[in-house]
Amino acid sequence: MLLLRKSGAISFDDILTINGLRCITFQQACQEYGLLRGDQQWHDALNEAAQFQSPRQLRMLFAMICGFGEVEDVPDLWVQHQVSLCEDFVHRYSEQTGPHYALADIEELLTSYNLSLQKLHLPTVDLPASVLERANFDVVEEQAKANSYTMQLNSEQRNVVEILLSAVYNNAADTPKCYFLDGPAGTGKTFVYSTFLHTIRGRGDDVIPVASTAVDRLLQDLTKCKEPFGGKVILLGGDFRQVLPVILRGSRTLTVASSLKKHALWLKFHKLYLTKNMRALESEGILVLGCWTLERKKVAQRFSCLCNATLQYKTLYINCTVI
């Protein structure tokens, strides 16, 4: 724009000198000539492009404008055109999480101009670039669930999750790959599974919950690896205190022999345990002691109660006054 405005310039200093005063930047020189109208030209460019360009192409244009256009207020440019810039991701995920993916894509595009969201004072996101090519699950939503679930873990559950995550992301040869989570009803096995799933997916990686007896052979065939389950990290879980395998007209010996503990792979599994009953709640004068059947301790050791106790199934419900 300056070259078209000022004729006869033979150096950069000539271009920067306006009415005998040397401007510091080319943008300042343009402003002195009245060539710039704030960021209106960039708004006009994006509005016009939005009529016929895809959201991905708009993000490429947005990054190009930020890289070469010397925009005065990049955050405002993002806010004004956020709807068109995020349209594809909002359709794929949601209005709440779509902008996160658009910003992650723009972050990737800005690297070509040696820029970043932080340098441009745009909201930063923690999303790996690889997730932009996946549509299986919403990584942002998974991250939110993972953070929420992790905050609710007790010490036993947290330890189990940390061990499993270490196994997934630690490539050491001596790290166990097969795990079995043992815990009675109420200790939060399903909650641990959910936390583990959301955390892995929140990092942009795939994890598959399955219930199949042919997983071992299938994974070995797919990975061409003879290690148990093809060398993948496997988590099984259950409660041996509950129903044994159902064998049609099977004897007691046959039923016990059909349990998981009798399988040849059982010795390959690293055992993890949950003992704290998370269904033990105190409310409205009803005290639920789910740990009673595990530890067999006298209630009087921990509580001074006036109670009528009834043992129902595996949980002790006590109508009591706690002092």
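A residue is termed buried at under 20% relative accessible area, exposed at over 50%, and partly exposed in between (1.4 Å probe, protein chains only). The model is predicted: local features need pLDDT of at least 70 and side-chain atom pairs count only at pLDDT 80 or more, while totals for chains, interfaces and linings use all residues. Residues are numbered from 1 along each chain as its sequence is written, and side-chain values use heavy atoms, with hydrogens and water left out.

Because its relative accessibility is 11%, T199 counts as buried. T199 belongs to helix α11; helices (H or I, at least four residues) and strands (E, at least two) are DSSP runs, numbered from the N terminus. Contacts of T199 (heavy atoms within 4.5 Å), not counting residues up to four places away in sequence, are with A146, T150 and L165.

L165 is also among the buried residues of α10, which are Q157, V160, V161, L164, L165 and A167. These buried residues fall within an arc of 155° when α10 is seen down its axis, so they line one face of the helix; the arc is that of the directions from the helix axis to the C-beta atoms. They pack against β3 (178-182), α11 (189-202), β4 (234-238) and β5 (270-273).
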